Amino acid sequence: MKKTILLVDDSMPMLFLLEAVLGKEYAIVTAQDGLVAMSWLMNGNKPDLIVTDLQMPNIDGWELLNYISGSYLFQDTPVLVLSGFYKENTGDLHLKCPNVREVIQKPFDPTKLMQKIGYLLSGTLSVSA
């Protein structure tokens, strides 16, 4: 059975790219903002990994991270932040949201992303430096 990744990004081209890159190995669920993602999560769904952008309409990635970190149901769900924010703005995200295990800055190398996701889902990658 494939592991499930929830992809959250307001950019349709980015969602298509991520789905194309990750869809061969993982079951993919997409959400165009934090509101859609939270609705999916509140309906009893539990992904193995959440990959989220930070800047989105309605409920942004910061609010989504607050929801995830405050929920007992998702305390063990790792999050990979994929953002255009510079590292200086996201460097302490793992302190604000313990679920954040990795921050990758856009644009990104799809091969490196696949590798990081593989490590995260195997439990061998901890908080990024």
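Which residue forms a salt bridge with Glu102? Lys116 does so, and the closest N and O atoms of the two are 3.5 Å apart. A salt bridge is here a side-chain nitrogen of Lys or Arg within 4 Å of a carboxyl oxygen of Asp or Glu. The pair joins distant parts of the chain, 14 residues apart, with Lys116 in helix H6 and Glu102 in strand S5. Helices (H or I, at least four residues) and strands (E, at least two) are DSSP runs numbered from the N terminus. Both Lys116 and Glu102 are buried; buried means under 20% relative accessible area, exposed over 50%, and partly exposed in between (1.4 Å probe, protein chains only).

The model is predicted: local features need pLDDT of at least 70, side-chain atom pairs count only at pLDDT 80 or more, and totals for chains, interfaces and linings use all residues. Residues are numbered from 1 along each chain as its sequence is written, and side-chain values use heavy atoms, with hydrogens and water left out.

**Salt bridges**

By this rule the structure has three salt bridges.

| Salt bridge | N to O distance |
|---|---|
| Asp9 and Lys106 | 2.7 Å |
| Asp53 and Lys106 | 3.3 Å |
| Lys116 and Glu102 | 3.5 Å |

Asp9, Asp53 and Lys106 are linked in a network of salt bridges. The side chains of Asp9 and Lys106 meet in one of these bridges. Asp9 lies in the loop between strand S1 (4-8) and helix H1 (12-22), and Lys106 in the loop between strand S5 (100-105) and helix H6 (110-122), so this pair ties together parts 97 residues apart in sequence. Both Asp9 and Lys106 are buried. The side chains of Asp53 and Lys106 also meet in a salt bridge. Because Asp53 lies in the loop between strand S3 (49-52) and H3, and Lys106 in the loop between S5 and H6, the pair ties together parts that are 53 residues apart in sequence. Asp53 is buried, as is Lys106.

**Thr77**

Thr77 is found in the loop between helix H3 (61-70) and strand S4 (79-83). With a relative accessible area of 1%, Thr77 is buried. Not counting residues up to four places away in sequence, Thr77 touches Lys46, Pro47, Asp48, Leu49, Ile50 and Asn99, where contact means heavy atoms within 4.5 Å.

**The aromatic pair**

The structure holds one aromatic pair. The ring centres of Tyr67 and Phe74 are 6.2 Å apart and their planes stand at 50°, so the pair is tilted. Rings of Phe, Tyr and Trp (its six-membered ring) pair if their centres lie within 6.5 Å; planes under 30 degrees apart count as stacked, over 60 as edge-to-face and the rest as tilted. Tyr67 counts as partly exposed at 22% relative accessibility, whereas Phe74 counts as buried at 1%.
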